[in-house]
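Subject: Structure for your review

Dear colleague,

Please find the sequence and the structure below. My notes on what was found follow directly after them.

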Amino acid sequence: MKKFSKSLPLLQQRPPSLPSTIIPNPTLPTAPATFPEPFPTLTLSHSSNHNRLLIFLKTHLKPPFSPQSLLRFLKSKLHHHPNFTHYDFHIFNWASTIDSYRHDHSTFEWMSRTLARTDRFVELDSLLNFMVANPCPCSDGIFCCSRTEPIFHFAINAYCRVGKVKDAVRAFDSMKKLIDGKPSVVICNILINGFVKNGEHGKALEFYHRMVKDRVKPDVFTFNILLSSYCRNSQFGLALELFKEMREKGSSPNVVSFNTLIKGFFRERKFEEGIQMAYEMIELGCEFSNVTCEILVDGLCREDRVMEACELLIDFSRKGVLPNSYDYFGLVEVLCRKGCSERATEVMNELWRRGNCPSLIACTTLIDGLRKATRSDEAFRLMEKMLNEGAVPDRLTFNCLLQDLCNMGRTVEADKLRLLATSKGLDPDCTAYNILVFGYTREKKIKEGEKVVDEMLDRGFIPDIASYNLLMDMLAKASPPLKHHVHIG
């Protein structure tokens with residue numbers, strides 16, 4: 001075994017900016033003509049850092065080493081070192097200069113993923129070019145390495161994520177030279193989506209035609225990306241033509257396809273066509289998503305067609321296609337704002353009866369709307385139903401309803417509601433108790449009022465004896481003349 005040399009060849013290129021050291025950023029070197037096994041020379045501002053790196057390498061990486069041992073070193077030693085982790089690509093470069101060593105798909109894949117995750121795209125481009133010139137040993141036979149496409153897949157996705165679509169296409173072209181057969185439709189979709197996100201609709205279409213020419217069969221995701229791009233670029237007619245082409249090519253549209261077109265119809269103010277497409281989904285057995293319902297309901301409500309939205313939701317519920325997780329809070333809010341709390345109650349009861357439970361915020365919104373419409377009886381029944389279903393309201397909504405009941409002379413019912421809410425997990429505050437005490441006082445129900453005051457005392461809501469006596473005096477004044485009350489204290 002050869003000893004490590006401390007006389008190191010210099011790998012020079014523009015250094016990345018780091019706070020404490022100047023670190024070279026070399027291109028991948030070719031293998032040397034001789035058989036040295038030196039460490040890579042790094043231009044450092046402090047020789048002590050250089051020496052520490054040499055000691056670290058000598059301690060943890062013994063030549064000759066294999067791709068597996070280099071990978072273990074990079075992953076478990078260098079990657080977690082606070083001072084040397086940024087030297088990973090330099091060590092990778094250095095290893096490629098050693099005649100007795102050859103990178104395989106495991107080191108290529110780890111290095112490419114690491115560079116992509118840390119947005120080191122100059123180095124990633126250098127790595128991919130090196131892969132093209134020096135393929136994995138698995139490719140020495142008839143077939144290419146099975147990990148080549150996944151390596152490029154991750155890199156292409158990283159390029160598209162940051163808008164470097166030209167680099168992604170260049171990587172795609174390099175990948176095609178290495179793989180057997182056609183590229184995966186998944187990678188083609190990533191590139192098409194990259195063009196769309198970058199606002200390059202024309203180039204997305206060009207790449208689509210290119211993949212078709214290369215006999216890569218587009219899937220439903222390909223068409224969905226292009227449908228969305230057509231709609232964003234106000235080319236809804238072409239989107240409909242593509243939808244027909246999609247079905248002609250045997251690709252079944254999914255819920256995203258339909259949602260895109262329904263939204264497009266609504267944007268074009270073709271509401272009937274959009275609703276008809278929703279019913280076409282039902283006929284084809286395509287399940288609705290929450291987004292489907294939101295597009296339909298919100299679109300109709302914006303056009304002041306709220307009652308039509310109500311009928312549509314009820315019909316979907318009757319047909320059993322309304323998603324159980326759909327929150328129709330928006331529709332309830334619009335109805336209450338328009339003073340149609342009675343219709344909102346009918347819609348909620350109908351949907352709830354068929355298994356489409358409302359959200360907590362939908363219920364509290366409706367309770368507030370019913371209270372404003374002086375329909376406290378219905379608000380009370382809704383609150384009871386909520387609590388029995390395990391939906392616990394916020395204290396403000398609860399206290400407001402208690403106040404309404406007490407104002408109507410129904411403090412006993414308000415107190416029963418408080419006990420029910422407590423059993424379901426609501427922790428009434430001091431305000432709730434005060435509302436009940438004042439309610440019992442007005443109704444001259446002294447015994448019930450005293451029980452509430454005593455409970456307030458037990459729970460620490462009465463800070464001192466003076467406050468306690470004040471409440472009890474208030475109850476005593478409401479009692480019949482023969483009733484005598486003794487002060488405490």
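**Overall picture**

Of the 489 residues of the protein, 49% count as buried, where buried means under 20% relative accessible area, exposed means over 50%, and partly exposed lies in between (1.4 Å probe, protein chains only). Please note that this is a predicted model, in which local features need pLDDT of at least 70 and side-chain atom pairs count only at pLDDT 80 or more, while totals for chains, interfaces and linings use all residues. Residues are numbered from 1 along each chain as its sequence is written, and side-chain values use heavy atoms, with hydrogens and water left out.

The secondary structure comes to 24 helices and 0 strands; helices (H or I, at least four residues) and strands (E, at least two) are DSSP runs, numbered from the N terminus. Among contacts with a separation of 6 or more, 64% are between residues 24 or more positions apart, a contact being heavy atoms within 4.5 Å.

**Confidence**

The predictor's confidence in each residue is given by pLDDT, from 0 to 100. The mean pLDDT of the protein is 87, and 88% of its residues reach 70 or more. Over residues 482-489 the pLDDT is below 50, and this stretch has 8 contacts in the model beyond near neighbours in sequence. Residues 41-46 also have pLDDT under 50, and for them the model has 23 contacts beyond four places in sequence.

**Aromatic residues**

Rings of Phe, Tyr and Trp (its six-membered ring) pair if their centres lie within 6.5 Å; planes under 30 degrees apart count as stacked, over 60 as edge-to-face and the rest as tilted. By this rule the count comes to 19 aromatic pairs. In one of them, the ring centres of Phe56 and Phe84 are 5.3 Å apart and the planes are at 50 degrees, so the pair is tilted. Phe56 is buried, with a relative accessible area of 11%, and Phe84 is buried at 5%.

The rings of Phe195 and Phe207 are likewise a pair: their centres are 6.4 Å apart and their planes at 45 degrees, so this pair is tilted. Phe195 belongs to helix H8 (residues 185-197) and Phe207 to helix H9 (residues 201-213), so the pair ties together parts that are 12 residues apart in sequence. Both Phe195 and Phe207 are buried.

Phe56 and Phe84 also belong to one aromatic cluster with Phe73 and Tyr87.

A charge sits over a ring if NZ of Lys or CZ of Arg is within 6 Å of the ring centre and within 35 degrees of the ring normal. Lys385 lies over the face of Trp352, at 4.3 Å from the ring centre. Arg410 has its charged end over the ring of Phe380, 5.6 Å from the centre of that ring.

**Helix packing**

Two packed helices are described by the angle between their axes and the distance between the axes. Axes are lines fitted to C-alpha atoms, for helices over the stretch in contact, and angles run from 0 to 180 degrees between N-to-C directions. Angles under 35 degrees count as roughly parallel, over 145 as roughly antiparallel, 65 to 115 as roughly perpendicular and the rest as oblique.

The axes of helix H4 (residues 105-117) and helix H6 (residues 148-161) come within 9 Å and cross at roughly 10 degrees, which means that H4 is roughly parallel to H6. Residues of H4 that meet H6 include Phe108, Ser112 and Ala116, and their partners in H6 include Ile151, Phe154 and Ala158.

For H8 and helix H10 (residues 220-232), the axes come within 9 Å and cross at roughly 10 degrees, so H8 is roughly parallel to H10. The contact involves, among others, Val185, Ile192 and Val196 of H8 and Phe221, Ile225 and Leu226 of H10.

**Individual residues**

Leu115 is placed in helix H4 and is buried, with a relative accessible area of 0%. Beyond four places in sequence, Leu115 is in contact with Phe89, Arg120, Glu123, Leu124 and Leu127.

His79 lies in the loop between H2 and H3 and is partly exposed, with a relative accessible area of 38%. His201, in helix H9, is buried at 9%.

With kind regards
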